[in-house]
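Let's take a walk through this structure together. Keep the sequence and the 3D view side by side as you read.

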Amino acid sequence: MASEIIVNTIKAPTTGANANKVIIPSGVTLDASAGTLNPSAGQIVQVAETSYSTVWTNSTTTHSQIFGLSFTPKFSNSKIMLQGYLAAETLSGNSDKGGRYFFYEDSTQLYNSQYDGYNSSNNTQRIDKVVLYFVVGAGSTNARTYYIRGQSTRAGVSARVNQYGAPSRLIITEIAQ
């Protein structure tokens, strides 16, 4: 037989060993699946991630999509932390330099990071881990897609991702405010 209790506030004792605690005993599940639990500011609400292992190359100074991930925030006042990790390589010679990598939210550029690569007079190449990091306000609970895009820093110089290393990753974390 189910029972129901209606309350506005649950108060915990203010003194003693369990001061300011409401204890749910071991073996008991507090099920709030039919309602909404409001997380405290700073708590992680949700995390989504994807990896990308296809080799991507761009020899132009035009932004080109590398990969992305769809995401729907649970709360409109949350912060969205974007983290991107790319195994980047520049096919360089002389004073040629690497690539630039960008976060996009749908079609809006949010952030860019220039990766200078390796200068060489003997056409050697170098592989580095490029780390992108950016925090943006959710603004709404509408679905959106976050992308990592890239370009060469100079036409004719190839910026490349995932040629020899571990896959690139995009991690999206929603943080309550």
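Start at Glu49, which is partly exposed with a relative accessible area of 44%. (Buried means under 20% relative accessible area, exposed over 50%, and partly exposed in between, with a 1.4 Å probe and protein chains only.) Before going on, a word on the ground rules: this is a predicted model, where local features need pLDDT of at least 70 and side-chain atom pairs count only at pLDDT 80 or more, while totals for chains, interfaces and linings use all residues. Residues are numbered from 1 along each chain as its sequence is written, and side-chain values use heavy atoms, with hydrogens and water left out.

So what does Glu49 pair with in a salt bridge? Its partner is Arg169, with the closest N and O atoms 2.5 Å apart. A salt bridge here is a side-chain nitrogen of Lys or Arg within 4 Å of a carboxyl oxygen of Asp or Glu. Glu49 lies in strand E1 and Arg169 in strand E10 (residues 168-175), so this pair ties together parts that are 120 residues apart in sequence. Arg169 is partly exposed too, at a relative accessible area of 31%. Strands (E, at least two residues) and helices (H or I, at least four) are DSSP runs, numbered from the N terminus.

Searching the whole structure turns up two salt bridges. The other pair to look at is Arg144 with Glu105, whose side chains meet at 3.7 Å, N to O. Arg144 sits in strand E8 and Glu105 in strand E5, so the pair ties together parts that are 39 residues apart in sequence. Is Arg144 buried or exposed? At 6% relative accessibility, Arg144 counts as buried.

That brings us to E8 itself. Eight of its nine residues are buried, so E8 is largely enclosed by the rest of the structure. Strand E5 (residues 99-105) is mostly covered as well, with five of its seven residues buried. E5 and E8 (residues 144-152) run antiparallel, joined by seven bridges; two strands pair if DSSP finds at least two bridges between them. If you want a spot to check, Tyr101 has Gly150 as its bridge partner in E8. Strand E3 (residues 64-71) also runs antiparallel to E8, again with seven bridges, and there Gln65 is partnered with Arg149.

Stay with Arg149 for a moment. Arg149 lies over the face of Tyr104, at 4.9 Å from the ring centre. For this to count, NZ of Lys or CZ of Arg must be within 6 Å of the ring centre and within 35 degrees of the ring normal.

Now for the rings. The whole structure holds four aromatic pairs. One of them is Tyr111 with Phe134: the ring centres are 5.8 Å apart and the planes are at 35 degrees, so the pair is tilted. Rings of Phe, Tyr and Trp (its six-membered ring) pair if their centres lie within 6.5 Å; planes under 30 degrees apart count as stacked, over 60 as edge-to-face and the rest as tilted. Tyr111 belongs to strand E6 (residues 108-115) and Phe134 to strand E7 (residues 125-137), so they tie together parts that are 23 residues apart in sequence. Tyr111 is partly exposed at 25% relative accessibility, and Phe134 is partly exposed at 24%. Together with Phe103, they form one aromatic cluster.
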